[in-house]
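I keep these notes while looking through a structure that is new to me. The entries follow the order in which I looked things up.

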Amino acid sequence: MHEMTRSLLRVFEEDTAAVSSYCTQLYQAMQRIYDAQNELSAATHLTSRLLKEYDKQRFPLGGDDEVMSSTLQQFAKVIDELSSCHAVLSTQLADAMMFPITQFKERDLKEILTLKEVFQISSHDHDVAINRYSRLSKKRDNDKVRAEAVEDVYTSRKKQHQTMMHYFCSLNTLQYKKKMALLEPLLGYMQAQISFFKLGSENLTQQWEDFLATIGTSFQNVRQEMEEEVRQMQETIQDMERSCDLLYAPYEPDPNHSPVCRNLTQKQGYLYIRNKTGLVSSTWERQYFFTQGGNLMQQGRGEVAGSLVTDLDNSSVMAVDCDDRRFCFQVTSFDGKKMVTLQSESRKDCEEWIATINNISRRIYLSENAEELAARVNQSALEAVTPSPSFQQRHESLRPGSKGRVARAGSISSVGSEPSPALSVLSLDALVAPGTPIQFDIISPVSEENSGQNKTIAPSGRRSNPFGESRDDAEDNEDSILHQLFIVRFLGCMEVKTIESADVISETMRQILAARAIHNIFRMTESHLLVTCDCLKLIDPQTQVTRLRFPLSTVHQSSSHQDNKRLFGFVLQSGAAQGDNRAVCYIFESNNEGEKICDSIGLAKQIAFHSEMGRQEVEKKKEQEKAKEKQQEELSKQRQIEKDLEEQSRLIAASSRSSNQPGPDGQFLVLSSSQSEDSDTGEEGKKKGESEA
């Protein structure tokens, strides 16, 4: 739908809202007359006041109707004179006054709202169908999918057109119904008042009966005009539906039925424009474009005027091949500094836009016979529809010989800022070796390459399952006091020769960005970077599978780009115990959080260092406690040995005294061989205990 039509539609919708608000107030006033008999005088005065304020209402349409204003002023005067009456017949008021205004409020206004909702739904369905059709892939061309998309666009566009016409018809009819909705209830109210009070004054009765008769005649005339207008609009709608049936399809299948017009010097319509959202990422947005003189303008929904896109004088335009879009063309300014990529709805529309821009670029629109002059440049416009073969060959010749996704850093020219003063002493070859391969994709954990990487980076006792998750991934960070998650996009990684220099990360950024620009690599893998006190993890945002895991002990340094704070990187080096001392630098792009991520990594290393120191202190205390326990055990064993020696000494002494005393018959006792052996054993145990002590 044209933007001028949308602007006019907003005016009609504002008028409908104003009419609805005003009729609601009038309905409430009349409802008070019907319900509150004791407050009839106050309700009548309120109605009179509202009628007098009709001139102050700001209706976008019909606000300067003097006849309507004077008529309502006369009604206000009569109602004000009858405000002293305090009783009304409820049945007469319900039939003559409340019914018409209620019908207008409950039926007509609600019908407008319903048609508005249906129109909005059909417009949304049309936008969805157009977006689906525009996203049809050129590489994976499927007849069934394309046919479904075309049928969807045809159905949604036809539905939108039909609902739009019925909605416009109802908005136009509302202008007549508004007058009837205001006049008919007032007419019934006056008739009810006259018949109820039976004013005996024939002068008053005759005077107002003539006035009411005139109003009734005007009311009938307005009704007839409305019916005639509705009939004409219905016929117009039917004729347009029959004639516009072929225009609902997004493209014309038969070029002979609708040939391409190459003599245009001005054109307008909806196009998709590509906008860059990141370093190498972009999005497509649908806008209304039109040419104005030698300028290409665009106008978004809700905007009052258009804005300049680019100057078309002496510009160049050509069809381009996009990976995910069809019917694309690119407009380049005369100085080559600005390029705009646009997508049209069909090939015919694309060729017409190219021809029109070519005509404007040659300033044909300034001549008197613009169409005749434009016919002479049709051949050049046809050549601009497809890229020139010489340009394509030249473009292919500029591509590097390597067709894979691994580039050589040694063949990359200097891109970006100048090297820092530190690099003047330490050459670039000392940071990154020439010919070092660059990895642009994150290798999946299920691949063999990742299994080798896990052997290098992960601890030797850890194994990963086929889905890339270790058995105790959840247990690694349960006791970690730092959990920070960032959205990052992987740009690339490469091996570096040193980890001591502070410029190794900036040099790696420069080489990876230059390699991406040379090899036309624009896709990036988006991941979630989880920073904990134990490790850094790259997690798949869709499946929550851990893609890569970097122990924090292997992270030696991290820093962000000096100018572009969205870029950051860190350097990893495996321990010497694993037999692999290679250092690898990883480069990422964030959502303007490069410094914050580097600060988070530094904080995690500090926390891990303090945790390690605390753990060592705890282990030292445990060893001291074990030494004390061992010393206490040795002391207790020594005391037990001393007690045993004392007991043996006491037994030996007792046995020796008993052997020296005479028997009862005056003879000495003679010890047996076993007793002598026991005494010898006691002496040996005593000597042994003394030696142990």
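I began with helices α1 and α4, which are roughly antiparallel to each other, a label given to angles over 145 degrees, with under 35 counting as roughly parallel, 65 to 115 as roughly perpendicular and the rest as oblique. Helix α1 covers residues 3-35, helix α4 covers residues 90-134, and the two pack at an angle of about 155° with axes 10 Å apart. Their crossing is left-handed, meaning that the near helix is turned anticlockwise from the far one by less than a right angle; clockwise would be right-handed. I then sorted the contact of α1 with α4 by class and found 17 nonpolar, 6 polar and 3 charged residues. In this sorting Ala, Val, Leu, Ile, Met, Phe, Trp, Tyr, Cys and Pro are nonpolar, Asp, Glu, Lys and Arg are charged, and the others, Gly among them, are polar.

A note on method. The model is predicted, so I kept local features at pLDDT of at least 70 and side-chain atom pairs at pLDDT 80 or more, while totals for chains, interfaces and linings use all residues. Residues are numbered from 1 along each chain as its sequence is written, and side-chain values use heavy atoms, with hydrogens and water left out. Helices (H or I, at least four residues) and strands (E, at least two) are DSSP runs numbered from the N terminus. Axes are lines fitted to C-alpha atoms, for helices over the stretch in contact, and angles run from 0 to 180 degrees between N-to-C directions.

Next I checked two further helix pairs. α4 and α5 pack at about 165° with their axes 7 Å apart, and are therefore roughly antiparallel. The crossing of α4 and α5 is left-handed, and their contact has 26 nonpolar, 11 polar and 12 charged residues. For α1 and α2 I read an angle of about 160° and axes 8 Å apart; this pair, too, is roughly antiparallel, and α1 passes α2 in a left-handed crossing.

Which residues touch the most other members of the largest nonpolar core? They are Leu 51, Phe 75 and Met 190, in a core of 42 residues. α1, α2 (40-52), α3 (66-81), α4, α5 (143-197) and α6 (202-243) each supply at least two of its residues, and α5 gives the largest share, 10 residues. Such a core is a set of buried Ala, Val, Leu, Ile, Met, Phe, Trp, Tyr and Cys residues joined through side-chain atoms within 4.5 Å.

I also looked up Ala 181, which lies in helix α5. Ala 181 is buried, with a relative accessible area of 5%; buried means under 20%, exposed over 50% and partly exposed in between (1.4 Å probe, protein chains only). Pro 100 is 81 residues from Ala 181 in sequence, yet their C-alpha atoms are 6.6 Å apart in space.

Then I turned to backbone angles. Most residues other than glycine have a negative phi. Asn 314 has a positive phi of about 60° although it is not a glycine, and sits in the loop between β4 (307-311) and β5 (316-320). Phe 327 also has a positive phi, near 55°, and lies in the loop between β5 and β6 (328-332). Phe 327 is buried, at 15% relative accessible area.

Last, I looked for disulfides, taken as pairs of cysteine sulfur atoms within 2.5 Å, and the count is 0. Cys 23 is buried at 2% relative accessible area, and Cys 598 is buried at 11%.
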